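Trainee: Could you show me how to read surface patches, burial and salt bridges in a structure?
Mentor: Gladly, let's take them in turn.

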Amino acid sequence: MNDRRWARPAIGTLMGLLLLLGVTMPGIASADDDMKLLKQRLEQMSQEMEAVQKKLEELEKKEKAKEAEIEEIDDRLNRTEMHTATDKVSFGLELRTRADTLQYKDIQVAPSMISAGLIAASPIAPADLPGLIGMLPPEAMVPEKYDATNDVILTNKFRLNMKAKVNNQLSFTGRLAAYKVFGDSSGVKVNQGSLADITLDGNTSSLPHGDTIRLERAYFNYKKDLGPVPTNFSLGRRPSTDGPPLEYQNYSLEGGSPLATIINWQFDGASYSLGLEDVTNIPGAAFKLCYGVGFEGDWGNTYSLGNQQSEVDDVHMFGIIATLFDNDETSAVLNWAHAWDITDGFTGLTVMPFIVSEDSDGNFLFEPNRGGYISRFQPSTEIGDWDAASLLLRTNLTERLDRDIDLFLSGSWSHTKPSRTSENPFYKIMGMGLLNSNGELKDRDGYMVYAGATFPMPWNARLGLEYNYGSKYWFNFTGAEDSLVGSKLAVRGHVYEGYWHQPIFNDNFFATLGVRFYDYEYTGSGNPMGEPEKIDDINSLSALNPVIDQVWNGYLSLTFRY
């Protein structure tokens, strides 16, 4: 009995403990579950954060990729826009810096007493002039002789070439140019008897006239095939300078369409050409009609709007250029030109050392230009017609001799038919007309021969040798030829030249070293006024302006062309 009494309290106690455990154990289990759940959530959040971070990094990478893509697209657009712009007009540059040395031998000029006497005796009646001259001492009629030297004269010649092509039928070509002497941009020279001393429409950018950018050429080409004959119509300021065969001495492609032997002169006009190769089966056969205006009489002159219109009309020129044969190795080109009613000058600017004028009584006045005032020249008289023709033959000997040797030969002819003497007082006092003096009106024929060769030399250089001769009555329109002395192809006499072209960076940058010798035989080279005289036989009345006998011209240049 005692054992059972002990057992009951023990069982009760055990039951209480079990009850207590039953009450407290669910709480402990619940806390563990919460901890596990919390850990799971934290791990899940951490994974989600990592995923978000990865997504952010991916988005950032995509953003950078988009930015790079946008920049690339922008660059492409810029390049496309630039390409589109340059597709409309393409540009080419040329800059030549040149040093010339000039040595003039035996220049002749009238003694100062001649000009001083004419000025002092003004006004002079035409009938009194022979008596006045007869009163001069004999030595006054003998020109003075002297030499002149310019050790070095530096020039810059700049050209900006432009091209635009709408399609295969329509295109545009232009050139802006400036040509200046170092240290001078006046644009006007003191007149010493040469057409090159006058700033004319025909030479504004071809001779040094300062830092002004001028329009050298601007024209369009419209091409159309007439069956087997390709044609081309062109209108504007013509590519009429630096024509064949000057490409050899210029180390360039052909620079213009007229042959430089008879026309090297800036002018405005038109051309119409036909390609005849397929019709004639002659390689390169072509025919071109050319038209130009050398002078506009009713614009800007004293007589343009006057109540008494002058008889000085516009000067029109017409010509043909026939390519007789051209197989890229050998060529033959014929050029003929005609000018109606050429005038005793063109409109232009110059500084005259003295002024000759005529009063209402027909007396001549000589006045010194002490102030160095600029004069605007204008023609006063139509003096006659002019014709010229030139045949140019060129060949390359590479195929025949395996040597890259170029040869050319040209023969040219000129004919002048005077109509009247000049009314310009300076010319009138001497009775000058078209290659005539003392009131004579005789037709004149002249000729010129021009030959040259270029040879391959070490270091990819080219050596050129040239010679030309013009007769007493030879006259052409080459006043825009690039020369500080004067057009060599207008010389009435002999000219010898040698030059060395040395490439430095392909054909884009090269040096040229050369020497040219002028040996004049007759006066007035390149000038249509007055009868040419043998230089050895002139008197002082023919040397009121300096008369040049011989000139040595050495030159060295660097040319950038791209």
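The dialogue below goes through these features one by one.

Mentor: Keep in mind that this is a predicted model.

Trainee: Which strand gives the largest share of the nonpolar patch?

Mentor: Strand β5 does, with three residues. The patch covers about 1000 Å², and its members include F220, Y222, L226 and W340. At least two residues each come from β5 (210–226), β6 (229–237) and β8 (286–295).

Trainee: Is L226 buried or partly exposed?

Mentor: Buried means under 20% relative accessible area, and exposed means over 50%. L226, in strand β5, has 45% relative accessibility, so it counts as partly exposed. Compare S557 in strand β21: its value is 5%, so S557 is buried.

Trainee: What is S557 in contact with, leaving aside its neighbours within four places in sequence?

Mentor: Its contacts are R96, T97, R98, F510, A511 and T512.

Trainee: How many salt bridges are there?

Mentor: The count is 26. In one of them, E358 meets K428 at 3.2 Å, N to O. E358 is in strand β12 and K428 in helix α7, so this pair ties together parts 70 residues apart in sequence.

Trainee: Where do E531 and K472 lie?

Mentor: Their side chains form a salt bridge at 3.7 Å, N to O. E531 is in the loop between β20 and β21, while K472 is in the loop between β18 and β19, 59 residues apart.

Conventions. Residues are numbered from 1 along each chain as its sequence is written. This is a predicted model: local features need pLDDT of at least 70, side-chain atom pairs count only at pLDDT 80 or more; totals for chains, interfaces and linings use all residues. Side-chain values use heavy atoms; hydrogens and water are left out. Patches are made of residues with over 30% relative accessible area and no salt bridge: like charges are joined within 9 Å, nonpolar side chains (Val, Leu, Ile, Met, Phe, Trp, Tyr) within 5 Å. Accessible areas come from the Shrake-Rupley method with a 1.4 Å probe; for residues, only the protein chains shown count as cover. A salt bridge is a side-chain nitrogen of Lys or Arg within 4 Å of a carboxyl oxygen of Asp or Glu. Helices (H or I, at least four residues) and strands (E, at least two) are DSSP runs, numbered from the N terminus. Buried means under 20% relative accessible area, exposed over 50%, partly exposed in between (1.4 Å probe, protein chains only). Contact means heavy atoms within 4.5 Å.
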